[in-house]
Amino acid sequence: MKANNCGHEWIISLTQQEEESDLDASLVQIIGDLLEVENFAIYINKHFSAQLPPTLINTHTRLKVLESNEALALLNKVTQNKIRVSRALGVVTTYVPVYYFGKVIGILLIETTKELAQTTTMLAVHILNIYANQLGLLHKSRLDPLTELLNRQTFDKKVIEIVSGKGFLLPRDDTNEKRRWYLAIADIDHFKRVNDSYGHVIGDEVILLVARLLKNNFRLEDYVFRYGGEEFAVLFQTKTEAQAHIALNRLRSNIAEYPFPQVGQLTISIGFLELASIDTVSSIVNQADMALYHSKNSGRNKVTAYSELEVNEEVTTDNSIELF
């Protein structure tokens, strides 16, 4: 796909993308057409957080792939609006920053035999800024407006990515032991009483505080969602189910001990399972719900793994329990 000198067609292509994967593919194609070389790599921090390493989006690059710590260190050295050029052993390396509202979120690395024309690098900066703005819009569209947690629509897509093998794993330590994905669904116990006794404004404040506690309990690279009403979902990684249970029980305990303004103490019930096989989202959620209902029906303020349930156990729900 070629474009005129101002990159009009490229800009249209980027701003038309409604899926992150399509946006990434469009950017890779555009940068390749602009540079007319294949020796480039694009690293983007999809979480918009300085604490996490950027992800390589053109995985078939001919350049040496940087380790996560190398990519993060390089990103921290990049300055907004400043293009760096280095020369060594006949290779010219150009570093082009990707920034979003004044914050550097990525970098484009280019290796050539001679320095790129200034018009080319400036057009690359322009294209990368358009990409970052579109990525930011897509990111905002995935958030729940009240809690700024990820929303229900994003949950469905992320589960599909993980069970189909497309979910990526960020390294957290120097061990080679495989980490597994887990899904947990958590529900605030007796939330209807909060709304009935204190009003929906206080109810919303409770949801906001629980959302904050949820985010603080998990790592930045885990995914926390507002699933609906007072119900939340978490996609996270641990090495074993026992470790997953410990993490969720810590969350349950933190919320039970938290002094909610006006309301006092509240509890949550949790059900979870490992995402071990390819299945439909509805089937996976149903299994997590069965574990959640078991926690609810056995006294609330509990964590239950789906694996703890009897295979033929028919989990029933008490109609007096508010789940939505």
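## Lining of the largest pocket

In this predicted model, the lining of the largest pocket comprises 15 nonpolar, 13 polar and 15 charged residues (Ala, Val, Leu, Ile, Met, Phe, Trp, Tyr, Cys and Pro count as nonpolar, Asp, Glu, Lys and Arg as charged, and the others, Gly among them, as polar). A pocket is an open set of points on a 1 Å grid over the protein atoms alone, where a 1.4 Å probe fits, with protein on both sides within 12 Å along at least five of seven lines; lining residues have an atom within 4 Å of a point.

Of the 43 lining residues, Glu20, Lys46, Arg142, Lys158 and Tyr223 lie nearest the pocket centre. Helix H5 contributes the most, six residues (helices are DSSP runs of H or I with at least four residues, numbered from the N terminus).

## Salt bridges

The whole structure holds 14 salt bridges, each a side-chain nitrogen of Lys or Arg within 4 Å of a carboxyl oxygen of Asp or Glu. One network of salt bridges links Glu20, Asp24, Lys46 and Arg142.

Lysine 158 and glutamate 161 form a salt bridge, 2.9 Å from N to O. These residues are three apart in helix H5 and therefore separated by about one helical turn. Lysine 158 is buried at 14% relative accessible area, whereas glutamate 161 is partly exposed at 29% (buried means under 20%, exposed over 50%, partly exposed in between, with a 1.4 Å probe and protein chains only).

## Basis of the values

Residues are numbered from 1 along each chain as its sequence is written, and side-chain values use heavy atoms, leaving out hydrogens and water. Local features need pLDDT of at least 70 and side-chain atom pairs count only at pLDDT 80 or more, while totals for chains, interfaces and linings use all residues.

Methods: Helix = DSSP H or I, 4+ residues; strand = E, 2+ residues; numbered from the N terminus.
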